[in-house]
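Q: I am new to this structure and would like to learn how to read its features. Please show the model and begin with the terms I need.

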Amino acid sequence: MAEPGTTPANAPQSPLPGWKQLWQVPALVLSAGLLVTALSIITTKKASPPIDGYLSSAARILESHDYQGTLDYLNEHLLGFEAGGKLTPAQDARYQLLLARAMYFGQRELGVSLPENHAKVLAGFQSAREGGAGLSDADSSAIAETLLAMGRTDEALKAARELPPGENARRIAIFHKAIDGMLQSRASDRTLVMELLSEYLQFDGLKAEDRIWAASRQARALIDQGYADAAINKLLRELQRFGDTAPADTAPMRVMLAEAYLETGVTDQADKVLERVEAIVPPGHELRPRVMLLRAGTAQARGEYDLARDRFRAVVDDSPHSDEVVPGLLGLGETEAVLGSAAGSLDAFTRLVAELNAGRAHPSVTIDQVTASLVARAREQRERDDLVSALEFAELAERLHAPGNPPGEVYLEISKAHRSLAESLMGSADDSGREPLTLAHLDPASREEARRHLIAAGANARQYAETVAVSDNAAYGDSVWAAADDFDLAGDVEEAIANFQEFVNAFPGDVRRAEGRFRLAQAYQARGEYTIAADFYRGLIEDRNNRDVKGVGPFADASYVPLAQVLGLDADPQNDAEAETLLLSVVGGGVVVDPNAKTFRDALLELARHYAQSGQQPQAIERCEEFLGRFPDDPESLMVRYRLAESLRRSATDLQAELRAGLPDSRRQVLEAERDRRLATALETLSRVIDELEARDPRRRTRLENDALRNAYFYRGSSAYDLGDYEAAIRYYDAAYDRYPDNPASLVALVQIVNAHVQMGNLDRARVSNERARRFFESLPDSAWSDPFLPMGRADWERWLESSSKLYAGGEEDRP
């Protein structure tokens, strides 16, 4: 039987093993467990073992091509002796040779390539040679091929050159593998490839198919170097040398000729060559997927995207195990995108990313190339407002890289996609077009979704800033600014402060620095650090007329109102007067001339709030009415209207207190009329507030608006009660109780209904209403009274006690 080392070099390769075969592979690496077993055998046997016989038996098993059986036999009968140093040098050399051969051919048979086995193969042959075992020509070929499999190409080629003439087929095969391996890598030296091909063509015994192979590889190397025209000229000449060769045998050269034509833009000639190849190679030929891929490329180059898509899809669907699937998926994804099918493009790219991450590769497709294509697709979809697809493309690009290590452009595109998605939820501007919407305008679900997108946008903008901090200062600044803006809108005050502060410190001459200082002040104000916020606002106001500070004007003007706010919120009551002075300077025209300017509007709004909170109700009424007259369609107009009603009610209460003093009748009549006018106006205003808030989507109402709606229901009844219209008061309080049957505030309504009946002399109805109020009161937990916004104060409790006293003046037995 022929020695295993003489297996022909061009024998067909075994297919890749399935899982049932792969379980055997670890047995090729010798087990320590077997070593222990073998050692136990030799320590219990005293007779001299037939080691030479064992070696001969192992050789016979090897010659029968049972490589796993050979390894098993060596493990069982000889490993222990070898490990225990019981073999003679000659026996050990023979043992190492058998082991190396069995492992080498065993791997080939299984179609696997394990680095640890390659190392053992080389070590085995080396030990055998040093021990005096004669290596066959096939062994030398095995060494060369193992070196090649380990990536030691130069050593493999050197070993191939040293093979004897009888191993020429092996030498040719090794050069084939080495050169093809180099061409698979874009980083390999194409000049060296051309030198190796020239050396290869000097070998004896080359057949026509070998020379065709070499010519096609020379063309490949020329095209890769940018010499497609030279490749065309060479191939046209070389094809004439194979005039007597079957046309199908020259197909590899013709395919390269078509690729060279395509590279130079001569698509019609490329298609003509490819049509010829299709005609001469049989169905199922290994070149057919490549031909279809190139024909898809010619259609794509001519702008025939439908045809190109169909051809790319044919490559992917009809030849799923072909090497051309990777470029086929790339082409399919790009043509689907051109044709406007984001879903089709995403499907193709998703499959491509999965293939690449699974280790599949192609020399014409790189990770960077696919990343750039995905980023371009993401940008296209974002510009088309298909923001969900844009984000999916960008995140696919991120998945091509190790976590935390994608190119900066991927971070940038993910950031922009998230930001655009947030803006699509927030809206670009309110109905007046005056200012951007914030998260506060959204329903809770949309608000949380927008916030999530903004946080992701900020995080990715920050990551992009880190990647360009050294190389591109302008991009770094833009990204830090974008991150700060995203975090600020999302309400992440800590990150907003950190990024705005970094921008302000790093870019002293940037026109956005003034805005950065202003937004830092706002962030500190939101965090409750009023002194720091006030310092920033004061600094901007002080720089208002400083021409050396770029862009400060609008932000200096905008600082007056928030400075007044923080002065009113801090712990120092001494500066409240300063806050009012700041606001009056704005509404008085000392800061802005245009009364429609945002700063004027904000100051007027804040001044009305300031007067109401400080108990100056007439001034608050004046400023609220002025605001509603100037800005009737403002988003804040509804809440201003509510505050107007509040001030009208409180001012009526103030007038009532004044009326208790001794006054001339004429003065009393004037005050009573004014009190009633204010109460009537308050009642009318509260009804309008209720109607407008009830018409609004409940999901979009803020907490303050919900509180205002609740209070408006109760204050409307209170206003009618104070006017002495008890029937209307009962009607309004019933409406309030019906609207909020489980709310502790409804106790106010039930109590006031009792009081109204008492005032009208309806004592029986008052008693029934009183029992209902008492049952409701007793059902409430003590925690219900911790809400500072409940519209029931001391006066309400006192009034209820007084009414109860009147109802049960006869004693407990009068209770029903």
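A: A residue is called buried when its relative accessible area is under 20%, exposed when it is over 50%, and partly exposed in between, with a 1.4 Å probe and protein chains only. This is a predicted model, in which local features need pLDDT of at least 70 and side-chain atom pairs count only at pLDDT 80 or more, while totals for chains, interfaces and linings use all residues. Residues are numbered from 1 along each chain as its sequence is written, and side-chain values use heavy atoms, with hydrogens and water left out.

Q: What percentage of the protein's residues count as buried?
A: Of the 816 residues, 48% count as buried.

Q: How many helices and strands does the protein have?
A: Helices (H or I, at least four residues) and strands (E, at least two) are DSSP runs, numbered from the N terminus. The protein has 39 helices and 0 strands. Its radius of gyration, taken over C-alpha atoms, is 44 Å, well over the 28 Å of the globule rule (2.2 Å times the number of residues to the power 0.38), so the protein is more spread out than a compact globule. The C-alpha trace spans about 135 × 75 × 50 Å along its principal axes.

Q: Which residues have the most contacts inside the largest nonpolar core?
A: A nonpolar core is a set of buried Ala, Val, Leu, Ile, Met, Phe, Trp, Tyr and Cys residues joined through side-chain atoms within 4.5 Å. The largest one has 64 residues, and Leu520, Tyr537 and Leu563 have the most contacts inside it. Helix α31 (residues 598–613) gives the most to this core, with 8 residues. Apart from it lies another core, of 55 residues, which includes Leu78, Leu99, Met103 and Val193.

Q: Which residues are in contact with Leu520, leaving aside its neighbours within four places in sequence?
A: Contact means heavy atoms within 4.5 Å. By that rule, Leu520 is in contact with Ile497, Phe500, Gln501, Val504 and Phe536. For the protein as a whole, among contacts between residues at least 6 apart in sequence, 61% join residues at least 24 apart.

Q: Is Gln525 buried or exposed?
A: Gln525 is buried, at 16% relative accessible area. Its place is in helix α26 (residues 513–526). Not counting residues up to four places away in sequence, Gln525 touches Tyr530, Ala533, Tyr537, Pro562, Gln565 and Val566.

Q: Where does Arg220 lie, and which residue is 39 residues apart from it along the chain?
A: Arg220 lies in helix α12 (residues 208–224) and is buried, with a relative accessible area of 18%. The residue in question is Glu259, with 9.0 Å between the two C-alpha atoms. Arg220 touches Glu259 as well as Leu183, Met256 and Arg290, when residues up to four places away in sequence are not counted.

Q: Where is Lys598 found?
A: Lys598 is found in helix α31 and is partly exposed, at 37% relative accessible area. Lys598 and Asp557 are 41 residues apart in sequence, with C-alpha atoms 9.7 Å apart in space.

Q: What is the phi of His65, and what is that of Asp385?
A: Most residues other than glycine have a negative phi. In His65, phi is near 65°, a positive value. His65 is in the loop between α3 (51–63) and α4 (67–77), and counts as partly exposed at 36% relative accessibility. Asp385 also has a positive phi, of about 65°, although it is not a glycine. Asp385 is in the loop between α20 (367–383) and α21 (387–399), and counts as exposed at 63% relative accessibility.
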